[in-house]
Amino acid sequence: MSSVVGDRPPLPVAVTDTVAPTDVDGIREAFARARDRDLAVLVHGAGTKLAWGAAPSPEREWLAIDTRGMDRIIHHEAGDMTAIVEAGVPLARLQATLAEAGQQWAVDPPRVDAGATVGGVFAANDAGPRRHRYGGVRDLVIGIAAVLPDGTVARSGGTVIKNVAGYDLAKLHCGALGTLGVVARLALRLHPLPEASRTVRADADAAAATATVLDLLAAPLDLAAVEWSSAGGGVLQVRVEGRSEAVDAAAREVAAVVRRHAGGVAVLPPDEEEARWASLREAHVGGEGATVARGASRPGDLATVAAALAEAAADAGVDATLCSAAGIGLHDAILRGGDAAAHARVVARWRAALTALGGSVVLRERIAGVDEHVDVWLDPTAPPSTLPLMRAVKQALDPEGRCAPGRYLGGI
Amino acid sequence: MRVGVTQVGTTTAAEPPVLERLRRDLEGVLEPDAVITERTRRRTYECDGLTGHRVIPGLVVLPRTTEQVAAVVRACAQHQVPFVARGSGTGLSGGALPHADGVLIVLSRMRSILDIDVPNQRITVEPGVTNAEVSKAVAAHGLYYAPDPSSQIVCSIGGNVAENSGGAHCLKYGFTTNHVLALQVVLPDGSVVEVGGPTAETPGYDLRGVLIGSEGTLGVVTRATLRLLRRPEAVHTLVADYPSPAAAGDAVSAIVAAGIVPAAVEMMDNLAIHACEADAAAGFTLEAGAALIVELDGPAAECDAAFAEVQRLCREAGAERIRIADDPAERARVWSGRKAAFAAMGRLAPDYFVQDGVIPRTRLGECLAEIARLSQEAGLRVANVFHAGDGNLHPLVLYDGSKEGEAERAEALSTRIAELCVEMGGSLSGEHGIGTDKACSMPKMFTDDDLAVMARVRRAFDPDDICNPGKVLPTPRLCGERPGPYRPHPLEAAGVIARL
């Protein structure tokens, strides 16, 4: 059942055993082994987001399930705009395969080059800039088969885009970081690849970017992505996609709106576009020595969100960059410099500011020691009203607490 | 002989003692006029849009606030009395079928629009607000709410959330689950929680995603925050006539292969065209084997170019006639004709069953041929109206209930067609829901393990099994019974709503 697939990524906990199943039965056997030896289970693909969530408990003994042996694209029916894939399929290979038919799974997270898998992107709910147009991972998965720690294989959803039969349990597993079981197969909703795209960039500080974003949302434009970065005084990038005869007109309309509030407005040369987007996309990943916190707010609160981060960072003596999917109000704060306690202070203050706006802040990657000062998921003095229900859901699917215990919110 | 209307449990005039105690507990919580005990008035609520199933609820309450809903649910939990939430009662699968010994919580008095956030394109409403009222409330700002079930003038947002409603335009814009940001929910123990939030992400499990489409079995939604969209700059609509549904299906394949995602793609076969024309005179060609409606929307430059290509593709696929319906009046005429399809069936036969199965769109021709074969075998006519873009079929099995045995044969054929959809890799239901109607067919689509895991999640929300019990998941009690035939909902008969 086991086979070595690629390099083992650095795991956040010592494991006594690693299993690389090649099918659903292999996952069931892995769980059986974990039950026999009372091991906790950490599931991973390429391991690009293993640092997310709270640290796994070092008191438990762990078994790792590497999904990369499950890498088949089982079915792709271009005419139905659906595909069924195994969890370990690398996103890069999936997109290359779909592109041959002029299609895509419209999810563009960072770290695709590092081997990010469909299952990993799903478990972490990690989307990229084009989420603005296509929705998040949750919106683009139409069915799953998951293996629960007791060995039950449970499907929900289906393989057709339109389907309301039964509970949509895929939503629970999306973003659950493997705490409810191992997702083995996914049915994906696909989109056509656009014929062409154009990108408008501008210099815009947070206030100008906020005003621009709200004007763009109010205009009858079909935007693919709207990203703002605080780096270098603030840069806004807006992408439109569509038919080759229409994208220039769309870019002109976008530029006209952007010019109301921002300077340095230009349509990027098409041959530079991809690289500029790749760089913005990858900027959401902090890398070595950085702490990343994901904030969520209403789009119109961007300036307040940016100011709160800048203030907290300045007070703590930390360098902070904000990378925002500005049209949908999702912001990644990248913190560098300063020690763990300083990073934690920034996160706590930024969290308080966003919570006051109705939003939230969750830690992603962080430097060692941050967790000692701030909770990864939330302010423990103000847990969400749904926490008991989340515990009940966990209890229903993983009553023995075998799947990544402690990694999730509220100690789940 | 007609198939008898299902009557579950006792429907005697006397109030069960437990409901009497529960009602006393709620004195002082609900206004006197918010509690209905008289049997004749309770009878008003005996069914939803699936009119073949009727049960008179034990008690009906009409709360005005979340606190009142919570108090009712707490009382139900305390007395272990089942409760069912009901919006406008337009559901087509018996999801709001009451319990004879339970409480029906009617949310139609909770119909305030609580907040409109124009810059951020969000609206917060109470569950009784209708789907159409949401779009109307924000129309002046150039915004609208995308899900558009054809009962939208009447159906409520709470009901849309319960059913994960779609509509003709969900091909491009998605379903309710893609447009709800936050819900306030009264859980089956009476506690009130907020799921999701005003933001695109909230920490923790996506409970909102499970609640949407759970058909009222996991809690009662008392408030919803919805995402609004900017009205598209341009809309183009055409009707193309084809010699057969298979030929029209080829046109759809060509449009999909060209990388065009229309806002809506609808098809009717010849029988359905005849019914619609007799009813609505919308200008469909009576001789056509199939009518294909294609609608595109978006920025003008993009949409105009795509529309030109769609016309070309439709011609190349053998369209006998293409009618452009580009001005709003003409477009409304096409849609009213299409939406009249169900109501119009009365002109073809006294009774019909409707199915809601979904197939992979690429298997349309194969599926229609099999439906035609089954139809011939059963000696019953089947009219086909469907969302051709996403493979959601609405085969209408026509019959005459006054003829001995015909209703039974029609019901069997209808169920066979739904199960055929599952066999072809599709789904039992694209939008009408499972409810009471299709719970017994669920084992055709899901394994025992699949269903058992769904039941585990359900118990996490509702450990006492009092929240709309007996719906969605099959139970021996439910599946031992036989449903009655389709009858038009009173609002449908009056032409207020239509089913798509």
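Trainee: Before we count anything, when do two rings pair in this predicted model?

Mentor: Rings of Phe, Tyr and Trp, the last taken by its six-membered ring, pair if their centres lie within 6.5 Å, and the structure we are looking at is a predicted model.

Trainee: OK, how many aromatic pairs does that give over all chains?

Mentor: By this rule there are four aromatic pairs over all chains.

Trainee: What about Tyr408(A) and Tyr205(B), are they stacked or edge-to-face?

Mentor: The ring centres of Tyr408(A) and Tyr205(B) are 4.4 Å apart and the planes stand at 20°, and because planes under 30 degrees apart count as stacked, this pair is stacked.

Trainee: Where do those two lie?

Mentor: Tyr408(A) is in the segment that follows α11 (387-397) of chain A, whereas Tyr205(B) is in the loop between β9 (192-196) and α7 (207-211) of chain B, so the pair joins two chains.

Trainee: Buried or exposed, those two?

Mentor: Tyr408(A) is buried, and Tyr205(B) is buried as well; together with Trp377(A), these two tyrosines form one aromatic cluster.

Trainee: And how are the rings of Tyr144(B) and Tyr173(B) arranged?

Mentor: Their centres are 6.5 Å apart and their planes are at 85°, so Tyr144(B) and Tyr173(B) make an edge-to-face pair. Tyr144(B) belongs to strand β7 (residues 143-144) and Tyr173(B) to helix α6 (residues 170-173), both of chain B, so the pair ties together parts that are 29 residues apart in sequence.

Trainee: Why does Tyr173(B) count as buried?

Mentor: Its relative accessibility is 18%, and the cut-off for buried is under 20%, so Tyr173(B) qualifies; Tyr144(B) is buried too, with a relative accessible area of 9%.

Trainee: Switching topic, which residues have the most contacts inside the largest nonpolar core?

Mentor: Those are Leu172(A), Trp350(A) and Leu183(B), in a core of 119 residues, and the largest share of this core, eight residues, comes from helix α9 (residues 302-316) of chain A.

Trainee: What does Trp350(A) touch?

Mentor: Leaving out residues up to four places away in sequence, Trp350(A) touches, among others, Val305(A), Ala308(A), Leu309(A), Leu322(A), His331(A) and Val361(A). There is also a second, separate core of 81 residues, which includes Trp105(A), Val118(A), Leu292(B) and Cys314(B).

Trainee: Last one, where is Ala182(B)?

Mentor: Ala182(B) sits in strand β8 (residues 180-186) of chain B and is buried, with a relative accessible area of 11%. Beyond its neighbours within four places in sequence, the contacts of Ala182(B) include Val195(B), Pro198(B), Arg208(B) and Ala224(B); the C-alpha atoms of Ala182(B) and Ala224(B) are separated by 5.7 Å, although the two residues are 42 residues apart along the chain.

Methods:
Residues are numbered from 1 along each chain as its sequence is written. Chains are lettered from A and ligands numbered from 1 in the order in which they are written. This is a predicted model: local features need pLDDT of at least 70, side-chain atom pairs count only at pLDDT 80 or more; totals for chains, interfaces and linings use all residues. Side-chain values use heavy atoms; hydrogens and water are left out. Helices (H or I, at least four residues) and strands (E, at least two) are DSSP runs, numbered from the N terminus. Buried means under 20% relative accessible area, exposed over 50%, partly exposed in between (1.4 Å probe, protein chains only). Contact means heavy atoms within 4.5 Å. Rings of Phe, Tyr and Trp (its six-membered ring) pair if their centres lie within 6.5 Å; planes under 30 degrees apart count as stacked, over 60 as edge-to-face and the rest as tilted. A nonpolar core is a set of buried Ala, Val, Leu, Ile, Met, Phe, Trp, Tyr and Cys residues joined through side-chain atoms within 4.5 Å.
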